[in-house]
Amino acid sequence: MNSSQLALLALLLGALIGAAVSILIVVAFRARDRAVARNSEAVPDGVSDVLAAMDDSAVVVDASGTVRASSASGEAFGMAIGEVLPDDRLRELARSVRAGGGMGSASLTLRRAATPAEPRLVSARATVLSPRLVLLVIRDITERERVEQMRRDFVANTSHELKTPVGAISLLSEAIESAADDPAQVRIFAARLNAEAARLGSLTSRVMNLSRLQSADELAEVRDISIDAVVTSAIEAHGLAADSSGVTLVRGGARGLYVRGDQQILTEAVGNLVANAIAYSPRASSVGIGVKQVHNAVEITVTDRGIGISEEDQQRVFERFYRSDQARSRRTGGTGLGLAIVKHAVQRHGGEVRIWSKVGRGSTFTIQLPIAAAPAPLDNVKDARPKRRAKKAKKASGADAMPAPASSAPISSAPAQINAEPMNGVTE
């Protein structure tokens, strides 16, 4: 083998040895990088910026469960940077995802760290960022579940409530058919059938009204509303029911107050309170409807001296289909939707409704609404009726005009007023 061949062979061996050394170096560096990455607890670039832009509570935790990065809302559940996750279930979720890789989720109840410290239903989702870091995203689903539960309850309760009058109407129609030869029985069954049909119509109407109040974001018709007109309409609508029950309606308080809103909705809300007060008041008692101004608000109070409501029931009387006295409500034809309609109607007008009650002493419901300025009088509108009346008076005056009998009483065109002794706490 000559020198040229030896040189070429040496060069080839050197190249092979150099390549092997290079490969070993690259492998060593990669192994070192993997070891560093496996043991590193540094948050990857860009993750903190993403967390800062998230509305949900999100944190990055290490193998010990310590928070390394957090979104702005993460502290609401006590997940501050440098602190250990406050809930064992979250730490277990992070450990299981880190051990198995991929993603994991769980639904659990967490208590807020900030005020109010109330339990919240959350959906937690975990994702592996690195061998030692896990991303936890916590979404508060309390309100969503509450609305969904309310929807399910509403459908179930409505179906249950509709079954009663529908079943009664079916049975009464069969009874009328079988008693066709007995006019007296037919009249009795027909009267009951009419009552059940009226109850079904009332329930359907109230369900539609409540659905409309809950679905609409804004009131359809907003204008200056006279509280006097609202209270008068509510009293007139339930005057016959009050007379039948032997209950006196008393109107007291301030006059001439106005609010902004829908008169029909407010009249129905006040009317529901008056109807409830009549239904739960004993005979020969009175129901007071008072109005007063408190700072920048108008308060309408409806007070009865009935059976009252227990403290436990006071927390639930504004729920749909809830009845504190099931037997009495069935007997009076109540649907359990009146106070729910009152609550949503008042909230639509930017107000609130409160209740005070003592068992055996009666109840007071107070509607508070933002006050509005009284509309300006229309001074520039001319009325031509006085001139026409004057001309007619001249034509009527003469020898043929017959004088009115001395015993005739004047007929007043003013609407009738409800006069009675005011009730304590109702009138000013």
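A residue counts as exposed when its relative accessible area is over 50%, as buried when that area is under 20%, and as partly exposed in between. These words are used below for a predicted model of a chain with 428 residues, 34% of which count as buried. The chain holds 12 helices and 12 strands. Ala284, with a relative accessible area of 78%, is therefore exposed.

**The chain as a whole**
- The accessible surface of the chain comes to about 26,000 Å². Carbon and sulfur atoms account for 55% of that surface.
- Among the contacts in the chain with a separation of 6 or more, 63% are between residues 24 or more positions apart.

**Helix α6 against helix α8**
- Helix α6 covers residues 227-237, and helix α8 covers residues 263-279. The two pack at an angle of about 50 degrees, and their axes are 9 Å apart.
- At that angle, α6 and α8 are therefore oblique to each other.
- The crossing in which α6 passes α8 is right-handed.
- On the α6 side, the contact is made by Ala229, Val230, Ser233 and Ala234. On the α8 side, the residues are Gln263, Leu266, Thr267, Val270 and Gly271.
- By class, the contact of α6 with α8 has 5 nonpolar residues, 4 polar residues and no charged ones.

**Helix α8 against helix α11**
- Helix α8 also packs with α11, here at an angle of about 145 degrees and with the axes 9 Å apart.
- The crossing of α8 and α11 is left-handed.
- From α8, the contact takes in Ile265, Glu268, Ala269, Asn272, Leu273 and Asn276. From α11, Gly338, Leu339, Ile341, Val342 and Ala345 take part.
- The residues of the contact of α8 with α11 divide into 7 nonpolar, 3 polar and 1 charged.

**Helix α11 and its cover**
- Helix α11 runs over residues 338-348 and is mostly covered, with 8 of its 11 residues buried.
- The buried residues of α11 are Gly338, Leu339, Ala340, Ile341, Val342, His344, Ala345 and Val346.

- Ala284 is not a glycine, yet its phi is positive, at about 65 degrees. Its place is in the loop between α8 and β9, a strand of residues 286-294.
- His295 is another residue other than glycine with a positive phi, near 55 degrees. The loop that holds His295 lies between β9 and β10, the latter formed by residues 297-304.
- The relative accessibility of His295 is 71%, so His295 counts as exposed.

- Pro375 sits in the loop between β12 (362-372) and α12 (385-396).
- With a relative accessible area of 40%, Pro375 is partly exposed, because values between 20% and 50% fall in that class.
- Apart from neighbours within four places in sequence, Pro375 is in contact with Asp224 and Tyr258.
- Asp224 and Pro375 are 151 residues apart in sequence. In space, the two are 7.1 Å apart, C-alpha to C-alpha.

Definitions and conventions:
Residues are numbered from 1 along each chain as its sequence is written. This is a predicted model: local features need pLDDT of at least 70, side-chain atom pairs count only at pLDDT 80 or more; totals for chains, interfaces and linings use all residues. Side-chain values use heavy atoms; hydrogens and water are left out. Axes are lines fitted to C-alpha atoms, for helices over the stretch in contact, and angles run from 0 to 180 degrees between N-to-C directions. Helices (H or I, at least four residues) and strands (E, at least two) are DSSP runs, numbered from the N terminus. Angles under 35 degrees count as roughly parallel, over 145 as roughly antiparallel, 65 to 115 as roughly perpendicular and the rest as oblique. A crossing is left-handed if the near helix is turned anticlockwise from the far one by less than a right angle, and right-handed if clockwise. Contact means heavy atoms within 4.5 Å. Ala, Val, Leu, Ile, Met, Phe, Trp, Tyr, Cys and Pro count as nonpolar, Asp, Glu, Lys and Arg as charged, and the others, Gly among them, as polar. Buried means under 20% relative accessible area, exposed over 50%, partly exposed in between (1.4 Å probe, protein chains only). Accessible areas come from the Shrake-Rupley method with a 1.4 Å probe; for residues, only the protein chains shown count as cover.
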